[in-house]
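Subject: Structure handover

Hello,

Here is the structure I said I would pass on. My notes on it follow.

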Amino acid sequence: MFVKDTYFVTHAYFFVVYIFCELLKAVCVCYWFIAWLLLWAIRKDPNADTEWNDILRKKGILPPKESLKELEEAAEEEEARRLQQSVVKTYEAMTLKELEENEDEFNEEDERAIEMYRQQRLAEWRAAQKKNKFGEVLEISGEDYVQEVTKAGEGLWVILHLYKQGIPLCALINQYLSELARKFPDVKFIKAISTTCIPNYPDRNLPTVFVYREGDIKAQFIGPLVFGGMNLTRDELEWKLAESGAVETDLEENPRKPVQDLLLSSMRCSVPTKRDSDSESD
């Protein structure tokens with residue numbers, strides 16, 4: 001009798017657990033189905049005047065209509081602000097020339113904004129022209145010539161050194177130009193391997209220094225004899241550049257004496273004076 005009662009209780013317990021699991025499963029399915037319906041309704045059109053949407057609004061699932069309008073207006077304002085920022089960035093990214101070329105495509109509000117940025121860019125450009133600090137020698141290639149020399153800027157002096165590795169005088173001038181670039185930061189000093197700018201440029205013409213202003217050559221120094229060979233000093237190179245007008249030197253006179261003066265001084269030293277002749281005759 002006891003065994004039969006135990007068997008019955010055990011089976012009843014498992015039956016209850018089974019029924020509970022099935023009910024729980026059914027509840028989960030119902031919740032999932034309701035959630036899917038809510039999501040479908042929200043995605044369909046939350047602004048539509050339907051009975052279902054009214055029920056969702058009463059339950060607090062959908063916001064009131066006024067809130068929806070406010071959200072829409074806020075979204076429109078945010079989109080307008082984003083577009084305005086993108087337009088401003090477009091203006092800021094343009095050069096003065098590009099602004100002038102595209103001014104026909106802008107409306108009156110755009111033109112006012114363009115004028116504002118044009119004045120701002122002009123002020124920045126004038127300030128940059130006053131400073132124009134470089135302070136170092138820039139290495140370029142033939143592809144960079146137009147941008148770095150021809151389009152360097154209004155009123156800007158550019159000194160270009162054509163050189164080649166393995167020529168001692170070229171290395172010496174590069175060293176001097178690095179020092180002069182720090183001394184004259186408002187002058188643009190650049191250098192380039194000769195054959196990258198001028199194909200088949202002869203080595204006998206190296207070193208070569210060109211002095212430009214607004215894309216025009218103002219002076220040129222070609223070949224080692226012009227520089228005086230390896231006896232060239234930094235002050236002598238600075239004086240040459242100052243004579244071309246590229247730099248404003250603080251040197252008061254040419255550090256290299258003319259050859260004629262050297263010859264005269266050597267002749268004076270070699271010709272005996274009258275007193276020396278008298279002493280020798282004694």
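Lys-183 is partly exposed, because its relative accessible area is 31%. In this predicted model, the side chain of Lys-183 forms a salt bridge with that of Glu-238, at 2.9 Å from N to O. Lys-183 belongs to helix H7 and Glu-238 to helix H10, so the bridge ties together parts that are 55 residues apart in sequence. Glu-238 itself is buried, at a relative accessible area of 0%. Asp-250 comes in as well: salt bridges with shared partners join Lys-183, Glu-238 and Asp-250 into one network.

The side chains of Arg-234 and Glu-179 form a salt bridge at 3.7 Å, N to O. Arg-234 sits in helix H10 and Glu-179 in helix H7, so this pair, too, ties together parts that are 55 residues apart in sequence. Arg-234 counts as partly exposed at 25% relative accessibility, and Glu-179 counts as partly exposed at 26%.

In total the structure holds 7 salt bridges. Another of them is between the side chains of Lys-164 and Asp-203, at 2.9 Å from N to O. Here the partners are in loops: Lys-164 is in the one between S2 and H7, and Asp-203 is in the one between helix H8 (194-197) and S4, so the pair ties together parts that are 39 residues apart in sequence. Lys-164 is partly exposed, with a relative accessible area of 24%, and Asp-203 is partly exposed at 41%. As background, side chains of opposite charge can pair when their charged atoms come close.

Next, the core. Which residues touch the most other members of the largest nonpolar core? They are Phe-189 and Leu-241, in a set of 24 residues. Two or more residues each come from strand S2 (157-163), helix H7 (168-183), strand S4 (208-213), strand S5 (216-222) and helix H10 (234-243). Helix H7 gives the most to this core, with 7 residues. In general, nonpolar side chains of soluble globular proteins tend to be buried together.

The backbone has a few points to check by eye. The loop between H8 and S4 holds two of them. The peptide bond from Leu-206 to Pro-207 is cis, with omega near 0°, and Pro-207 lies in that loop between H8 and S4. Asn-200 is also placed in the loop between H8 and S4. Although Asn-200 is not a glycine, its phi is positive, at about 60°. Asn-200 is exposed, with a relative accessible area of 74%.

The other point is Glu-214, in the loop between S4 and S5. Its phi is near 55°, again a positive value in a residue other than glycine. Glu-214 counts as partly exposed at 41% relative accessibility. From C-alpha to C-alpha, Glu-214 and Leu-156 are 6.1 Å apart in space, while 58 residues separate them in sequence. For reference, most residues other than glycine have a negative phi, and most peptide bonds are trans.

Finally, the surface. What makes up the nonpolar surface patch of about 530 Å²? Phe-15, Val-16, Tyr-18, Ile-19 and Leu-23 make it. Of these, Val-16 lies in helix H1 (residues 2-44). Val-16 is exposed, because its relative accessible area is 54% and the cut-off for exposed is over 50%.

There is also a patch of negative charge on the surface, where Glu-72, Glu-73, Glu-76 and Glu-77 gather. Glu-72 is placed in helix H3 (residues 65-93). At 40% relative accessibility, Glu-72 counts as partly exposed.

Regards

Technical notes
Residues numbered from 1 in each chain as written. Predicted model: local features only at pLDDT ≥ 70, side-chain atom pairs only at ≥ 80, totals over all residues. Heavy atoms only, no water. Patch = residues over 30% accessible without salt bridge, like charges linked within 9 Å, V, L, I, M, F, W, Y side chains within 5 Å. Areas by Shrake-Rupley, 256 points an atom, 1.4 Å probe, with all protein chains shown as cover. Salt bridge = Lys/Arg side-chain N within 4 Å of Asp/Glu carboxyl O. Lys, Arg positive; Asp, Glu negative; His and termini not counted. Charge placed at Lys NZ, Arg CZ, Asp CG, Glu CD. Helix = DSSP H or I, 4+ residues; strand = E, 2+ residues; numbered from the N terminus. Buried < 20%, exposed > 50% of the residue type's maximum accessible area, 1.4 Å probe, protein only. Core = buried A, V, L, I, M, F, W, Y, C linked by side-chain atoms within 4.5 Å.
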